[in-house]
Amino acid sequence: GYATVNARLVLSELPIGSTEAEISLWSRNLLNSKAIDNYIDFGSGLGGLITGTYTPPRTYGVTVGTKF
C-alpha cells in the first residue's frame, strides 16, 4: 500500500477593518509519492490490454478569504 500526505495551515480571524480574513497554505501529495492510483486489466479478450493512472503530482497553493 501507499499513503498520500495532504497538509493545510490556516491563519484565521485576522482583523481587517470591520471584517475578518483567513489565509491558508495547502499542499496535496506533499511527499510527491508516485504510485498507481487506478489499474484495470482487460484480460486476454482485448489482447492483454492493461491501463492505469498514477497519483497526481504534488500541488500547493494559497487561499485567501474574508467574511462580510
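## The β1–β2 pairing

L14 has A21 in β2 as its bridge partner. β1 and β2 run antiparallel and are joined by 8 bridges; two strands pair if DSSP finds at least two bridges between them. Strands here are DSSP runs of E with at least two residues, numbered from the N terminus.

The two strands make a hairpin with 2 residues between them, and G17 in the turn has a positive phi of about 60°. Of the 10 residues in β1, the count of buried ones is 0, so this strand is hardly covered (buried means under 20% relative accessible area, exposed over 50%, partly exposed in between, with a 1.4 Å probe and protein chains only).

## Model and confidence

This is a predicted model, where local features need pLDDT of at least 70 and side-chain atom pairs count only at 80 or more, while totals for chains, interfaces and linings use all residues. Residues are numbered from 1 along each chain as its sequence is written, and side-chain values use heavy atoms, leaving out hydrogens and water.

The chain averages a pLDDT of 92 (the predictor's confidence in each residue, from 0 to 100). Confidence is highest in β2, at 97, and lowest in β3 (residues 36-41), at a mean of 88.

## A nonpolar patch

Now to the surface: L9, L11, L14, I23, L25, V62 and V64 form a nonpolar patch. Such patches join nonpolar side chains (Val, Leu, Ile, Met, Phe, Trp, Tyr) within 5 Å, from residues with over 30% relative accessible area and no salt bridge. β1 gives the most to the patch, with 3 residues.

I23 lies in β2 and counts as partly exposed because its relative accessibility is 31%.

Key:
Patches are made of residues with over 30% relative accessible area and no salt bridge: like charges are joined within 9 Å, nonpolar side chains (Val, Leu, Ile, Met, Phe, Trp, Tyr) within 5 Å. Accessible areas come from the Shrake-Rupley method with a 1.4 Å probe; for residues, only the protein chains shown count as cover. A salt bridge is a side-chain nitrogen of Lys or Arg within 4 Å of a carboxyl oxygen of Asp or Glu. Helices (H or I, at least four residues) and strands (E, at least two) are DSSP runs, numbered from the N terminus.
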